[in-house]
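Thanks for coming, everyone. Let me put the structure up, and then we'll walk through it.

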Amino acid sequence: MKKHSALFITAIALFILFGGCNTEQNQEIGTSEYQQKVDSLIKIMTLDEKIGQLNLLASGWDVTGPVMDPNYKQLIKQGNAGAVFNAYGVDYVTELQRLAVEETRLGIPLLFGYDVIHGYKTIFPIPLAQSCSWDLEMIEHSDRIAATEATAEGINWVFAPMVDISRDPRWGRVSEGAGEDTWLGSKIAAARVNGFQGNNLADEQTLLATMKHFAAYGAPQAGRDYHTVDISERSLLEYYLPPFKACVDAGVASVMTSFNEISGVPSSSNHWLYTELLRNTWGFKGFVVTDYTSIYELIPHGVAQDSAHAGELALKAGIQLDMQSSIFIKNLKNLVKSGKISEKLIDKAVSDILLAKYKLGLFDDPYRYCNKTREGNEIMTQASKDFARQFVTKSCVLLKNENQTLPIPETVKKIALIGPLGNAAEDMLGNWSAAGWAQYCVTLFDGLKAEAVDKNIQIHYEKGCEIVGLSTSGFDAAIKAAKNADFVILALGEDRNMSGEAASRTNLNLPGVQMQLAEKIIEIGKPTAVVLFNGRPLTIPELDQKAPAILEAWFGGIQSGSGIADLLFGKALPSGKLTMTFPHNVGQIPIHYNMKNNGRPVDPTNPEYRFRSKYLDSPNQPLYPFGYGLSYTNFSYSNLKISSPEIRATDTLTIQVTVSNTGKSDGEEIVQLYIRDLVGSVTRPINELKGFSKVFLKQGETRDVIFKITANDLKFFNLDMEYTYEPGKFDLMVGPNSASGLKDSFSLR
Ligand code: NOJ
């Protein structure tokens, strides 16, 4: 009898799960119809089956943290997993999906998640580099390609975009984000959600995106990863949360918790963050996943006494999918039985997860992302590789170019490439390289050689030294190569694992003996350009003083070397601008362009006066400010005009500026608009980015650039924490970076 009823239930379940299994039809089904299906399914699920859906397991591959339960295949068969991550490739995903679909009672398909942070197999520049392109279309397109490739190999959910604002380059994870600015970061966040999700999740080339790490993970004390965050409510709301809100507005499907606490409450137990703000205020409709073992970490955080308590706190806060703690599967049943949590909370979590599976079309066809033909045809296409190469050229930032050292003059016939990053294929991938392989990477040496063939240029490579380590035994050969060349390229920086997760540094100088190598080579006096590979701003004032030219290349992915060679030879034009301030020294951190004025700012007419906000041993200004970046040509700004010196709240202010290419080549400029609210009910930053425009100007060309702002753009959290604008006077600046430009002012009535 028992057996019969189980069979009967299973038959109903299959009918519900696979009823209407035509994808095209399903594309037209609205969320409410899916919701009905979800509700019916939940009605026939046992408590164990429900709890199983709330478990996210790492497969044995590519583990990105401590493994709590290596027995993942068994757990899937037992119905103890709703999702798996770090498993990819059609065969492997099919094998795991089969365990869920064929060996569990209800056959509910799994989600397959993966860290697709800057490309899947076609690896693009790291996100920080991408942000320096200020090119929202390219950023979106790169994630479109990433989604296409990932879905061709079984993935239907990515742990991206990472939208943490950070003002601390000691924190290695700045490489994964869009830099220090909230306004730009929010635009990029939305572009990336659109890139991954497209406008139809049922399309087989789109997948679920995850905004992470909610919230304020980018502000750890002392830049130390996973460390405490102590932040004012105002800063949280104004600087750290808006990129997340932008993702929610763009329809992001899931959100990942952060490892840190806010005001004494770790994210994975933060009811205010996950229920009151995210769901009730912002209207988030997707599901919430924890970061790796974060529910368990409520114990060492000191807010949970044991696993059961941790599970209770997390579920009550609004956390739904447990990544790698196994705390939900081990404790939720007892918590329901003992009355500590209501089954309704579990139903809500299950519902949100199942809804995502329906939207992806997994109930129509659990293997719809396991398509051998797509796997064979849609990965690393020529078009993707060409795009990756172009993206490298847009992401690099020219930091210095004395006497037009770059581009390499046509007369050059012998180039010495020197430095530990000159032929470092794996490092080009940057951190979080998904399914990317070093063997696909074009190193700088490869890129230069490919370009040099037609030009009849010899390229000689000498490593000179290791990235870290104190040996100078390679210096002599490097010096000899430099002396023998008529142009020198120094490839210096960090290795790829010196940024990313668990990669905080207290010293941001070039590691090892690289600066010594650079000094020895530069002093030979050959025209020398430094190419920097790194995942964060570095402190390089000596290099800036001594090197004739510096190109910040970050980690550019598989086409790094080709794109950089295009720039060095002048086939492409540098146009990137920094999205993170480069400090002179670590003592200046946190340093960012939108700081406050304070009560004792330095008086420019008497800068030495002691009792002002400054250092005894360092300037206040950074080495390179936010928004900074050079081109091979020069741009001049003139004729700044505003439509009116005074606007009302309903008006639009038009700002016009003339930008001219006055140099000797074509070029692309990122024209930036900043404002400053001079007096508010609370203090306001000295500068706030409010707009930008990328303009390509041929040599000698002049163009008017127009910006428009309204009172909405002037809003902030006032004294009463209302998000509003206040009448008063505003300065505005239009220019090439956050530290220079033409100025005017206007009033809001
Ligand atoms: C920990 C990282 O913080 C997170 O960003 C990542 O998505 C997960 N591990 C999964 O790999």
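Start with valine 289. Is it buried or exposed? Buried, with a relative accessible area of 0%. Keep in mind that this is a predicted model, not an experimental one. Valine 289 sits in strand S9, which covers residues 287–289. Which residues does it touch, once those up to four places away in sequence are set aside? Leu56, Trp157, Thr210, Val255, Met256, Thr257, Leu321 and Met323.

Next, strand S5, residues 210–214. Five of its five residues are buried, so S5 is largely enclosed by the rest of the structure. Its partner is strand S6, residues 254–257. The two pair in the parallel sense, over three bridges. To find the pairing on screen, look for phenylalanine 214, which stands opposite threonine 257 in S6.

S5 has another feature. A cis peptide bond joins lysine 212 and histidine 213, with omega at about -5 degrees. Histidine 213 lies in S5 itself. There is also a cis bond between isoleucine 589 and proline 590, where omega is about 0 degrees. Proline 590 is in a loop, the one between helix H24 (560–568) and strand S17 (635–642).

On to strand S11, residues 397–401. Five of the five residues are buried here, so S11 is largely enclosed by the rest of the structure. Which strand does S11 pair with? Strand S16, residues 549–552, in the antiparallel sense and over four bridges. Asparagine 401 stands opposite alanine 549 in S16.

Follow the chain past S16 and you reach a loop that runs to H24. Tryptophan 554 is in that loop. Its phi is positive, about 50 degrees, although it is not a glycine. At 1% relative accessibility, tryptophan 554 counts as buried. Tryptophan 432 also has a positive phi, near 50 degrees. That residue lies in the loop between helix H19 (425–428) and helix H20 (444–455). Tryptophan 432 is buried too, with a relative accessible area of 15%.

Now a helix. H15 covers residues 327–337. Which of its residues are buried? Ile327, Phe328, Ile329, Asn331, Leu332, Leu335 and Val336. What covers them includes helices H4 (47–53), H5 (72–77), H14 (307–317) and H16 (343–360). Strands S1 (55–58) and S10 (322–323) are part of the cover as well. After H15 comes glycine 339, whose phi is positive, near 80 degrees.

Isoleucine 108 is in the loop between helix H6 (90–103) and strand S3 (111–114). With 7% relative accessibility, isoleucine 108 counts as buried. Beyond its neighbours within four places in sequence, isoleucine 108 is in contact with Leu41, Met45, Gln53, Ala100, Leu354, Lys357 and Phe363. Glycine 79 is 29 residues from isoleucine 108 in sequence, and 8.6 Å from it C-alpha to C-alpha.

Then alanine 246, in helix H11, residues 242–249. Its relative accessible area is 15%, and it is buried. Leaving aside neighbours within four places in sequence, alanine 246 contacts Ser186 and Ala190. Alanine 191 is 55 residues from alanine 246 along the chain, with 9.4 Å between their C-alpha atoms.

Now zoom out to the whole chain. How many helices and strands are there? The count is 24 helices and 26 strands. The radius of gyration is 27 Å, close to the 27 Å that the globule rule gives for 749 residues, so the chain is as compact as a globular protein of that length. Its C-alpha atoms fill a box of roughly 90 × 65 × 50 Å along the principal axes.

Of the 749 residues, 60% are buried. Take the contacts between residues at least 6 apart in sequence: 79% of them join residues at least 24 apart. The accessible surface comes to about 28100 Å², and 50% of that belongs to carbon and sulfur atoms. Last, charge. The chain has 72 positive and 84 negative side chains, and the centres of the two sets lie 1 Å apart.

How values were computed: Residues are numbered from 1 along each chain as its sequence is written. This is a predicted model: local features need pLDDT of at least 70, side-chain atom pairs count only at pLDDT 80 or more; totals for chains, interfaces and linings use all residues. Side-chain values use heavy atoms; hydrogens and water are left out. The radius of gyration is taken over C-alpha atoms; the globule rule is 2.2 Å times the number of residues to the power 0.38. Buried means under 20% relative accessible area, exposed over 50%, partly exposed in between (1.4 Å probe, protein chains only). Contact means heavy atoms within 4.5 Å. Accessible areas come from the Shrake-Rupley method with a 1.4 Å probe; for residues, only the protein chains shown count as cover. Lys and Arg count as positive and Asp and Glu as negative; His and the chain ends are not counted. The place of a charge is taken as NZ of Lys, CZ of Arg, CG of Asp or CD of Glu. Two strands pair if DSSP finds at least two bridges between them.
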